[in-house]
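Dear colleague,

I am passing on the structure below, and my notes on what was found in it follow.

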Amino acid sequence: RPQWRGVIEEYRDRLPVTAATPVVTLREGGTPLVPAQILSERTGCDVYLKVEGANPTGSFKDRGMTMAISRAKEEGARAVICASTGNTSASAAAYAVRAGMVCAVLVPQGKIALGKMGQALVHGSRILQVDGNFDDCLTLARQLSEKYPVALVNSVNPVRIEGQKTAAFEVVDMLGDAPDIHVLPVGNAGNITAYWKGYQEYAADGVASRTPRMWGYQASGSAPIVRGEPVKDPSTIATAIRIGNPASWAFAERARDESGGRIDEVTDRQILSAYRLLAAGEGVFVEPASAASVAGLLKAAEAGEVDAGQRIVCTVTGNGLKDPDWAVSGAPRPVTVPVDADAAAARLDLA
Ligand code: F0G
């Protein structure tokens, strides 16, 4: 069986590339759609997890980045720039290496997870920590790309959205049709925009018989779309979605309204509870922001808003290894034992 070729080759006829586009890929996409046993029990539905942490740099960003870097290379760019809460920069850094480009990243000072910082560093990108939040970083990145010869690879670049829509194609290809509901975390709102575009295209072409309702969840301290106004000082432990003024705000509202969906909020406590349930109950280790989708589904189910028997897909967007502090903190410290089987057995309650 030939290996998965990456989203551009797998979905070439549905993406804005030509024979002349140099394909820069790490074979992203083709991620697992895992049946979620406990979530299915709790909701009375068939719940699946689209495990995007299985992408090459550990998040869904790789789907968009293969497109953005390939097209930037085609256009002759030597350098790319992005603002990021950590995952976009990790992805841009890796794909820039593959393309032989320089990568500059702007991140909010002290507010990105260590694993993501490590990725940007080890791939050799130029990192600036900005004394501001993600929204400030994005403003800066836009200004720099307008004034200097550096291509912007944030999701305001429409080819990023094109690449990310392939996740919706994969869900339909694997399930045979669109689910009833698709749930995902919302930060800068590019991904909900991308999924909705993908589902609409498949439905328009008859590959799927329908589109799902799109359910997006923001963190309560960073929920501008829920509040109906930008949040000046966004806060949440889910640093990936700590965003107060999403670039794709209007597109996200469109996805919500056209699909008959919702954009709601979940508290950090609900996020962490879903994070632990995913790891300890489903065997899927995600970063906190990713758990916002599952937290949202559970919140809706507890409120009696999820009819039984539906097919539901939750995207879990990033790998838990990126931000392991939350796995360690609050967990009991492992005990130390001598090299002695009886002592080990006693500690493990085996005896
Ligand atoms: N989950 C994770 C793990 C993310 O990194 C992001 C966004 C989102 C969800 C939200 O997706 O922005 O398309 O609504 N991370 C961006 C970054 C902002 O810079 O890595 P969105």
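Which polar backbone atom is 2.7 Å from an oxygen atom of the ligand? The polar backbone atom belongs to A189, a polar contact being a pair of N or O atoms within 3.5 Å. The protein covers 99% of the 480 Å² of accessible area that the ligand has on its own, areas being computed by the Shrake-Rupley method with a 1.4 Å probe.

Please bear in mind that this is a predicted model, in which local features need pLDDT of at least 70 and side-chain atom pairs count only at pLDDT 80 or more, while totals for chains, interfaces and linings use all residues. Residues are numbered from 1 along each chain as its sequence is written, and side-chain values use heavy atoms, with hydrogens and water left out.

Turning to the aromatic rings, the structure holds five aromatic pairs, where rings of Phe, Tyr and Trp (its six-membered ring) pair if their centres lie within 6.5 Å, and planes under 30 degrees apart count as stacked, over 60 as edge-to-face and the rest as tilted. The ring centres of Y11 and F169 are 5.3 Å apart with planes at 50 degrees, so this pair is tilted. Y11 is buried at 7% relative accessibility, and F169 is buried at 0% (buried means under 20% relative accessible area, with a 1.4 Å probe and protein chains only).

Best wishes

Notes:
Buried means under 20% relative accessible area, exposed over 50%, partly exposed in between (1.4 Å probe, protein chains only). A polar contact is a pair of N or O atoms within 3.5 Å; within protein, one must be able to donate a hydrogen and the other to accept it, and residues adjacent in sequence count only if both atoms are side-chain atoms.
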